Amino acid sequence: HTPPGPVTLFPTRRSSDLFVFVCDGRLKRPEKPKKKRRKHIQPINCFVDEVLRKKLQGREKVYAEEIRYALKQYNARILHKEMEQDHFK
C-alpha cells in the first residue's frame, strides 16, 4: 500500500457564519484568499501551529511562507502516522 500524496489543507479565517477565507500559501496567497461557503469545506479540527493560529485569530499579517511551513509540518505528521499504521498491520 502506497501512502497518498500530500494533503492540501487550508488555514481558514472566518468571515461570517456562511463563509470562510482559505489559502495555501502557493496558489491562494494570504493577500488574496479564496472565499468559500462553509458547507463546501470539511473542517479537520486540527491546529497546525499555535503561533499561526493566534495570528489568524488576531487578524495579524500572515506570510505565505508561514502557511506553507505549517502545512508542510502537518503533511509530514499525517504521512508519518500512516506509515506507522501500515508498519503495524
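Mentor: A salt bridge is a side-chain nitrogen of Lys or Arg within 4 Å of a carboxyl oxygen of Asp or Glu. The model is predicted, so local features need pLDDT of at least 70 and side-chain atom pairs pLDDT 80 or more, while totals for chains, interfaces and linings use all residues. Residues are numbered from 1 along each chain as its sequence is written, and side-chain values use heavy atoms, leaving out hydrogens and water.

Trainee: What is the N to O distance in the salt bridge between Glu 50 and Arg 53?

Mentor: Both residues lie in helix 1 (residues 50–57), 3 residues apart, about one turn of the helix, where helices (H or I, at least four residues) and strands (E, at least two) are DSSP runs numbered from the N terminus. Glu 50 counts as partly exposed at 40% relative accessibility, given that buried means under 20% relative accessible area, exposed over 50%, and partly exposed in between (1.4 Å probe, protein chains only). The side chains of Glu 50 and Arg 53 meet with an N to O distance of 2.6 Å.

Trainee: Which side chain of opposite charge is nearest to Asp 24?

Mentor: Asp 24 lies in the loop between strand 2 (19–22) and strand 3 (34–37). Lys and Arg count as positive and Asp and Glu as negative, with His and the chain ends not counted. Asp 24 is buried and has no salt bridge, and the nearest side chain of opposite charge, 6.5 Å away, is Arg 26.

Trainee: What is the distance from the side chain of Asp 24 to the backbone nitrogen of Arg 26?

Mentor: The side chain of Asp 24 also has a polar atom 3.0 Å from the backbone nitrogen of Leu 27. Its reach to the backbone nitrogen of Arg 26 is 2.9 Å.

How values were computed. A polar contact is a pair of N or O atoms within 3.5 Å; within protein, one must be able to donate a hydrogen and the other to accept it, and residues adjacent in sequence count only if both atoms are side-chain atoms.
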